[in-house]
Every structure is written in C-alpha cells, then in structure tokens.
Amino acid sequence: ENIAPSAKKFMPKFPLRGLLCAGRLDADSTGLMLWTNDKVLQERIIGPESNVEKEYLVRVTGHERWSEEQRESAVQLLRSGISLDGTPLQPAKARWINAEQLQITLTEGRTRQIRRMCDVIGVKVKKLTRVRIGNYRLGGLESGQWSTVPLFLVFPDAERFEAAKAATEAGRGAAPRGKQRAQDHATYSEDKKAARIVRRVDIG
C-alpha cells in the first residue's frame, strides 16, 4: 500500500475510494502532500521517470563554524550529485537562504533522502518542510487543511499529460468498470480532470 500508517489519519474525508499519496512525508517532516485516485497521475509525480520538482526548506545544524567556502562546497556537492547505498542520486538544486536554512529541490524521492544527503555533507536536519510539488506551492495552507487544485497548477504540461494518458487508455481499450469506477470517471469528467487533493500535514 502506498500510504504510510503515520499518514493515514491525514487522508481527506472524500467519498472516493483508493486515494493514493503522491509523495509521502516521513514522521519527522511537515508540509505539502498530494493525494489522487489517478494511478497514472501518481506515477507521473513520483515514478522513477518523473521530472516533477519537489522543493523543501531544510533547517540544519552542525555547520555553525564553517567558513563561507565550506558552506559553498557543501551545496556544490548536493548540486553535482552524491551517492546513497552505492547508487548515484540525480543532481539537486540547493542553496543557502539564510545562516541556518537550505532550500533543496529534488526530482526523485528515496527514503529519507534529504536527511541522508545532509548527513553526507556533514550537517543534521532540525526541521524539514516540503513547500512545493511541481508548480503548486504550500502558500497559506494551514496544518491539517486541504484544498482541490487544478492539474495545470501542478504541471506546466498538464494538457500534454492528459492527452498522452487518453491516447494510452484508448490504445488499451480502457473503460470504466463497475459502480465505483463509473463514479470516479464521472467525477473526472465533471471536474475536467482537474480536481486533485492537496494537504499540508504535520505528522508525528
């Protein structure tokens, strides 16, 4: 199952079954989460071929006595790509935004990736918040709140994604089956396949 036990209590109370979490947060992190009942969309966001950016604000410690050169070397290492468990990571976007906080943007999502990346460069994470998925930012969404979001606010190429998905489904002869599938399909049609559930959560 794609939903971590610690995240289940934050699932929106919607009359749709099979909600999938497109980007989990670990128990020590906070911020933006995206939920959908569209498996293809979920894969587009978090699958191995995804190039959708996820942006994090990371408050760290352990670097207080570093020189400016050491601080810059640390973010350069994040940008150039490091390895975890012997496997290279994709290069990240990284920069210091103040004396104790990094901004890190990823297109992949391995288990506790940012915390482990920070261990590699010699700092410890004090607070980790996801503030953006694709084009959509957390903004003023309070902890525990949710809202529906048009697909184009998440992806700049939303129309191309929908067209490709429709072509794939047509090629497979896909059609809604059963009462629940028909209900979900009708919901997509009414919302022009735009409604996606976004939440800010504080887990733990």
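User: Let's start with a strand pairing: which residue in β7 does arginine 59 stand opposite?

Analyst: Strands here are DSSP runs of E with at least two residues, helices are runs of H or I with at least four, and both are numbered from the N terminus. Two strands pair if DSSP finds at least two bridges between them; β3 and β7 run antiparallel, joined by 6 bridges. Across that pairing, the β7 residue opposite arginine 59 is glutamine 101.

User: What should I know about the ground rules, and what is the average pLDDT?

Analyst: It's a predicted model, so local features need pLDDT of at least 70 and side-chain atom pairs count only at pLDDT 80 or more, while totals for chains, interfaces and linings use all residues. Residues are numbered from 1 along each chain as its sequence is written, and side-chain values use heavy atoms, with hydrogens and water left out. pLDDT is the predictor's confidence in each residue, from 0 to 100. Here 68% of the residues score at least 70, and the protein's average is 77.

User: On to charges: which residue forms a salt bridge with lysine 93?

Analyst: Side chains of opposite charge can pair when their charged atoms come close. The rule used is a side-chain nitrogen of Lys or Arg within 4 Å of a carboxyl oxygen of Asp or Glu, and for lysine 93 the closest N and O atoms are 2.7 Å apart. Lysine 93 lies in β6 (residues 93-98) and its partner in the loop between α2 (39-46) and β3 (54-61), so the pair ties together parts that are 40 residues apart in sequence. That partner is glutamate 53.

User: And how many residues apart in sequence are the parts that arginine 59 and glutamate 100 tie together?

Analyst: Their side chains meet in a salt bridge at 2.5 Å, N to O. Both count as partly exposed, meaning between the buried cut-off (under 20% relative accessible area) and the exposed one (over 50%), with a 1.4 Å probe and protein chains only: arginine 59 has 25% and glutamate 100 has 34%. Arginine 59 sits in β3 and glutamate 100 in the loop between β6 and β7 (101-106), so the parts they tie together are separated in sequence by 41 residues.

User: Last one: how many disulfides does the count come to?

Analyst: Cysteine 21 is buried at 1% relative accessibility, and cysteine 118 is buried at 0%. A disulfide takes a pair of cysteine sulfur atoms within 2.5 Å, and by that rule the count is 0.
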